[in-house]
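Me: I would like to go through a protein model piece by piece. Please show it, and then take my questions.

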Amino acid sequence: MWDSIWINANLVTMDGEGSGIVQNAALAVEKGRIVFAGAQDDLPDHPEALARTIHDARGQWITPGLIDCHTHLVWGGNRAREFEMRLNGATYEDIAKAGGGILSTVKATRDASEDTLFNAALPRLQNLMREGVTAIEIKSGYGLDTETERKMLRVATRLRDEAGITIQRTFLGAHALPPEYKDRADDYIDLVCNEMMPALQKENLVDAVDVFCETIGFSPAQTERVFQKAQALGLPVKLHAEQLSNQHGASLTARYKGLSADHLEHLDEDGIKAMAKAGTVAVLLPGAFYFLRETKVPPIDLLRKHRVPIALATDMNPGSSPAHSLLLMLNMACTFFRMTPEETLAGVTKNAAKALGKSNTGILKPGYRADFALWDIQEPAELSYRFGFNPCTGVSQGGKFRDFALSRKADSTASRTGFSPAARNSL
């Protein structure tokens, strides 16, 4: 007997070239893995004879669990005031003199306790999980010293363990130059390579390594030093590349078989060819594009031409993309980048899984993890079409199902009867 089966469903399997739509379908789970995903008429027996628990999807759609493959979800402080200052005409220099910018987040993160960071990050994560997210990447990079980078990665580990969600912990020590290393970028890279990475890898706190390669960040030569050390430690790499200028970071990442190159507004065709050859995923971040009011669109047509997998993510961070909704990114990618709904859904499922180096999720297929989401929609394009609306009614995380519809109904009933809904610490 299987553990559970969903019947009367419509599937978006993401298996193969297209969406892999199967209507009048069933999906079965055993020991946290998918064992059947296909037409209900193809089941080998009646559902009652096949599974211990039967769920009636009542015509809802099931997709792979969504994956947010680029976030900075753990940070201290708040930069809303900085946002307001910009809108009132303040320059970057004005904001920096007033204590704003990334270094203000670094200071707030250094000053915050681990519990404070955890308690601030958990609601952000829960909000994504309610939108059908079953896997996420969390970067460090607001510590810029060994102890605070360790603290951030410990928080990411706690979130993984307590929320029961797949989390890739990415070390982004080379995110910016800390004030104590002003004008000494090479010395800081020495610290990143010789102290931070070995110590954090030894403590099993790092799953991948990232760098901000840009004229206002770190040079390609400095980036390569970090990549070489990561390779020596057995850690995969990825890169903030070609966001503000073309530093040929995508080609560098491809040379090291990087998982992904992210942002990519200034990416050229040579970089795209290198990514295609290496299997490096292009991660686009429409939230940052929108918030920074960028005008140069990533080269979507060239990425399509060379068949580079395109993923999407929130880039959730306090400075350039305070975006807390992955579903909103689907609509933004369609609107700003002219991607299709099918492409955007692939971008937060199978392609996002590849951007994290995960080969067992992102597709509804026997043998894959039972990570999937249920949606009360008429057709899959609704996920990209609507914004400010969340039709997710439940999520399976490795076969453990959370029924959001029941929780919402209970909260609604409690409100009508005058009782406050019970506080939920987890979904």
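Reply: A residue is called buried under 20% relative accessible area, exposed over 50%, and partly exposed in between, using a 1.4 Å probe and protein chains only. The model is predicted, so local features need pLDDT of at least 70 and side-chain atom pairs count only at pLDDT 80 or more, while totals for chains, interfaces and linings use all residues. Residues are numbered from 1 along each chain as its sequence is written, and side-chain values use heavy atoms, with hydrogens and water left out.

Me: What span does helix α6 reach from its first C-alpha to its last?
Reply: Helices (H or I, at least four residues) and strands (E, at least two) are DSSP runs, numbered from the N terminus. The expected span of a helix is 1.5 Å times one less than its number of residues. Helix α6 covers residues 146–163, which is 18 residues, and the expected value is 26 Å. The span reached in the model is close to that, at 26 Å.

Me: Which elements cover the buried residues of α6?
Reply: The buried residues of α6 include T146, R150, L153, V155 and L159. Contact here means heavy atoms within 4.5 Å. The cover includes α4 (102–111), α5 (114–130), β7 (133–139), β8 (166–174), α7 (185–202) and β16 (400–403).

Me: Which residue follows α6, and what is its phi?
Reply: α6 ends at residue 163. The residue that follows is G164, with a positive phi near 70°.

Me: How many salt bridges are there?
Reply: Side chains of opposite charge can pair when their charged atoms come close. A salt bridge is counted when a side-chain nitrogen of Lys or Arg lies within 4 Å of a carboxyl oxygen of Asp or Glu. One network of such pairs links E114, D115, R154, R158 and E162. By this rule the count of salt bridges comes to 30.

Me: Is the salt-bridge residue E137 buried or exposed?
Reply: E137 pairs with K139, and their closest N and O atoms are 2.8 Å apart. K139 has 1% relative accessibility and therefore counts as buried. E137 has 0% relative accessibility, so E137 is buried.

Me: Which helices hold R225 and D190?
Reply: The side chains of R225 and D190 meet in a salt bridge, 2.2 Å from N to O. This pair links distant parts of the chain, 35 residues apart, with R225 in helix α8 (residues 220–232) and D190 in helix α7.

Me: What is the relative accessible area of R386?
Reply: R386 meets E382 in a salt bridge, 3.1 Å from N to O. E382 is buried, because its relative accessible area is 11%. R386 is partly exposed, because its relative accessible area is 34%.

Me: Where is S384, and what does it touch?
Reply: S384 lies in helix α16 (residues 382–385). S384 has 4% relative accessibility and so counts as buried. Leaving out residues up to four places away in sequence, S384 touches L330, N331, C334, P341 and T344.

Me: Which residues is A288 in contact with, leaving aside its neighbours within four places in sequence?
Reply: A288 is found in helix α11 (residues 286–291). A288 is buried, because its relative accessible area is 1%. Its contacts beyond those neighbours are H263, D315, S320 and S321.

Me: How far apart are the C-alpha atoms of L259 and S359?
Reply: L259 sits in the loop between α9 (249–255) and β11 (260–263). L259 counts as buried, because its relative accessibility is 15%. Along the chain L259 and S359 are 100 residues apart, and their C-alpha atoms are separated by 12 Å.
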